[in-house]
Amino acid sequence: MRTCKPAMEHKEGVFIIFTGSDRLQERNPRYWERFLGRALHRRISFLSKSDTLRLVGDPVKTLVHYDQTVPDLIYDLTAGQPFYTQVLCQSIVDHLNEDRKNTVTNDDVRQVVQEIIENPLPQMIFAWSSLSSLDKLSLSIIAELTKNGVREIPADNIIKFPARENIGYRLDPNKVNESLERLFHYDLLDKDEKGETYIFKMDLWRQWITRMHSIWQVIDEIQTGESVTGEGIARAKAARPKARLWGFAASGAAAIVILAYLLILRGGPEEGSMLSTAGAVRDSTTLTIRTTPAGAIVFLNERRLGSTPLAGQPVQAGAVPLRIEKRGYRTFEDTLALRKDVPHERSVTLEELTGSLVIESSPSGADIYFNGAKTGYTTPHTFDALSVNTQLEIELRRE
């Protein structure tokens, strides 16, 4: 390189551009300072809003008409991230071609976003899987706190969320602040000038995490995954009972108090022992939920009840929203009309999420094998309605 350096520096019209996903400041200067001494450093990141709107409109200026608020909606979803903006625009064009129209409405954008959320991009899946457990938990907490609308969340609210919602884990405040700063540098979060509040940089990611990576799903990942010791996540200690029984000088008084305590636990003759489990909740009943497949997470009135099969769970009577989530399946939502002392049972068959797989080869005409079995198709070919829960080993063979 020493012999080439003068020629490169003095030859007009010769430019060398080093690019990469790794940040320059994270590279070992021992290997790079020789080349970068006279180089200009430019961080390639999010586009400005004006450039984003040009990217959205100019390529299809004479072919596609956007409703007035659509370009701004696209910018809110991607914040001008070039890759996601391009993917969203391409998906919108595909959507228009399917419907044979050339006008884009907000509803069209929402349909496309829903499709991306249910069939996430490989880049989204890879980025999520590369995060630490604490980073995932931080993002899912912010998503939970902003599921009803985008807003800035103080770091203190994120730290206190596990104890307030009793998720079974506690977080190290210092580690959480480190995680939030890390996510800011990953361009997943944005923060205010003082660094006290955080918000999703791309609303597309907020909607995806809210739907597909809820706080309870991340907790399940932590419980079934590897140890997270040292990441700032620890199991919460079981709370000690706040109420204690004091000694009584008079045995008669003690008998009266204990009798009253037993009556509260047992309830009236019609309520039986059910209120003992329900915590003496009035107007209650029991709920039984079964799902196909089992192992889905049940939320009632936005509170997690547990995983299916769920049998005889004491719940408050009334009209309450039900939500059932399982990774790889469409979220089930309904409203239950629960009547006092009338046990309610519900069986739900979850709809499996599917996607398409495009297989191409050069040269074409290769036989496609799935898990060692010949499919009967050759490249190029598109397989539709493949389950997202099925792992495929793909092999191409050609004479």
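1. Axes are lines fitted to C-alpha atoms, for helices over the stretch in contact, and angles run from 0 to 180 degrees between N-to-C directions. Helices (H or I, at least four residues) and strands (E, at least two) are DSSP runs, numbered from the N terminus. The model is predicted: local features need pLDDT of at least 70 and side-chain atom pairs count only at pLDDT 80 or more, while totals for chains, interfaces and linings use all residues. Residues are numbered from 1 along each chain as its sequence is written, and side-chain values use heavy atoms, with hydrogens and water left out.

2. Helix α6 (residues 106–118) packs with α11 at an angle of about 55 degrees, and their axes are 9 Å apart. The two helices are therefore oblique to each other (angles under 35 degrees count as roughly parallel, over 145 as roughly antiparallel, 65 to 115 as roughly perpendicular and the rest as oblique). Their contact (heavy atoms within 4.5 Å) brings V113, Q114, I116, I117 and E118 of α6 to L204, Q207, W208, R211 and M212 of α11. By class, this contact of α6 with α11 has 6 nonpolar, 2 polar and 2 charged residues (Ala, Val, Leu, Ile, Met, Phe, Trp, Tyr, Cys and Pro count as nonpolar, Asp, Glu, Lys and Arg as charged, and the others, Gly among them, as polar).

3. How do helices α7 and α11 cross, and at what angle? The axes of α7 (residues 122–129) and α11 (residues 203–212) come within 13 Å and cross at roughly 70 degrees, which means that α7 is roughly perpendicular to α11. M124, I125, A127 and W128 of α7 make the contact with W205, W208 and I209 of α11. By class, it has 7 nonpolar residues, no polar and no charged ones.

4. The structure holds 6 aromatic pairs (rings of Phe, Tyr and Trp, its six-membered ring, pair if their centres lie within 6.5 Å; planes under 30 degrees apart count as stacked, over 60 as edge-to-face and the rest as tilted). One of them joins W128 and W208 edge-to-face, at 6.1 Å centre to centre and 80 degrees between the planes. This pair links distant parts of the chain, since W128 lies in helix α7 and W208 in helix α11, 80 residues apart.

5. An open sheet of 3 strands has the order β11-β8-β14, with mixed pairing (two strands pair if DSSP finds at least two bridges between them). Its edge strands, β11 (310–316) and β14 (344–349), each pair on one side only.
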